[in-house]
Amino acid sequence: MVEHLVWFRLNDDVTPEQKEGMKNALRALKNQIDGIEHIAVGEDFSGRSRGFQLGLVVRFASREALEIYGPHPAHQAFVNGHKHLWNDVMALDFES
């Protein structure tokens, strides 16, 4: 399995509705991109996230599936439609 973790630092003016829309759009990727085994998305509650408020975990069956995900039109549509909501993003990929 390949784990793809992403942290988003959202802009101060992001509304709760925009945040919920972003979370729903991320969850929808599971049904749009082959190779995604599982998606989890949620908001930090611990206060230890150094300002990153939203986290994403995407589980893939293989590295090849992860390589397909990045340039996939559905993923690119998410990025292009929501990137105005964040000012920083960090990602980490590993095999488990």
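A: Buried means under 20% relative accessible area, exposed means over 50%, and partly exposed lies in between, with a 1.4 Å probe and protein chains only. This is a predicted model, in which local features need pLDDT of at least 70 and side-chain atom pairs count only at pLDDT 80 or more, while totals for chains, interfaces and linings use all residues. Residues are numbered from 1 along each chain as its sequence is written, and side-chain values use heavy atoms, with hydrogens and water left out.

Q: Okay, is Phe 78 buried or exposed?
A: Phe 78 has a relative accessible area of 6%, so this residue is buried.

Q: And which ring does Phe 78 stack with?
A: The ring centres of Phe 78 and Trp 86 are 6.0 Å apart and the planes stand at 25 degrees, so this pair is stacked; rings of Phe, Tyr and Trp (its six-membered ring) pair if their centres lie within 6.5 Å, with planes under 30 degrees apart counted as stacked, over 60 as edge-to-face and the rest as tilted. Trp 86 is buried as well, at a relative accessible area of 15%.

Q: How many aromatic pairs are there?
A: The structure holds 4. In one of them, Phe 8 and Phe 78 have ring centres 6.5 Å apart and planes at 75 degrees, so that pair is edge-to-face. Together, Phe 8, Phe 78 and Trp 86 make up one aromatic cluster.

Q: Switching to the sheet, what order do the strands take?
A: The order is S2-S3-S1-S4 in an open sheet of 4 strands with antiparallel pairing, where helices (H or I, at least four residues) and strands (E, at least two) are DSSP runs numbered from the N terminus, and two strands pair if DSSP finds at least two bridges between them. Strand S2 (36-43) and S4 are at the edges with a single partner strand each, so one side of each has no neighbour in the sheet.

Q: How many bridges join S1 to S3, and how many to S4?
A: S1 is joined to strand S3 (residues 54-60) by 7 bridges and to strand S4 (residues 86-95) by 9, both in the antiparallel sense. Val 2 has Phe 60 as its bridge partner in S3 and Glu 95 in S4, while Phe 8 stands opposite Leu 54 in S3.

Q: How many residues of S1 are buried?
A: In strand S1 (residues 2-10), 7 of the 9 residues are buried, which leaves the strand mostly covered.
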